[in-house]
Amino acid sequence: MIPGIVLLALLAQAGAGVPNLAREAHEDFGNGRYVAAREKLKGALAISPENPALWSLLGLTDSKLNDLDEAIASFRRAVKLAPDDAQS
């Protein structure tokens with residue numbers, strides 16, 4: 001079995017890119033696959049660390065996994081990146 005981080009690196013090299021990872025993460029989140037969503041979001045953030053929407057979704061995902069410290073950190077990062085965005 002390929003570790004999640006290695007799989008994400010392979011997906012990025014294969015042209016999956018941030019939009020595909022974000023879409024897949026959103027789909028995983030909607031279907032209750034929070035661990036899979038978190039791994040895809042972390043992969044997307046490795047490529048695009050200044051994306052507040054990704055940080056917000058990571059915060060929501062971490063909260064569903066009851067990792068509240070990480071959720072708070074992600075939400076803070078989203079607000080820092082987009083202080084005027086009501087969704088962050």
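How much accessible surface does the protein chain have, and what share of this surface belongs to carbon and sulfur atoms? The accessible surface comes to about 5500 Å², with 57% belonging to carbon and sulfur atoms; accessible areas come from the Shrake-Rupley method with a 1.4 Å probe, and for residues only the protein chains shown count as cover.

The model is predicted, so that local features need pLDDT of at least 70 and side-chain atom pairs count only at pLDDT 80 or more, while totals for chains, interfaces and linings use all residues. Residues are numbered from 1 along each chain as its sequence is written, and side-chain values use heavy atoms, with hydrogens and water left out.

The protein chain contains five helices and zero strands (DSSP runs numbered from the N terminus: helices are H or I of at least four residues, strands E of at least two). Of its 88 residues, 31% count as buried, meaning under 20% relative accessible area, with exposed over 50% and partly exposed in between (1.4 Å probe, protein chains only).

Helix H3 spans residues 34-47 and includes Lys-40. Lys-40 counts as buried because its relative accessibility is 18%. The C-alpha atom of Lys-40 lies 9.3 Å from that of Arg-23, 17 residues apart along the chain.

A search of the whole structure finds one aromatic pair. Phe-29 and Tyr-34 form this pair, which is edge-to-face, with 5.3 Å centre to centre and 65 degrees between the planes. Rings of Phe, Tyr and Trp (its six-membered ring) pair if their centres lie within 6.5 Å; planes under 30 degrees apart count as stacked, over 60 as edge-to-face and the rest as tilted. Phe-29 is buried at 18% relative accessible area, whereas Tyr-34, at 21%, is partly exposed.
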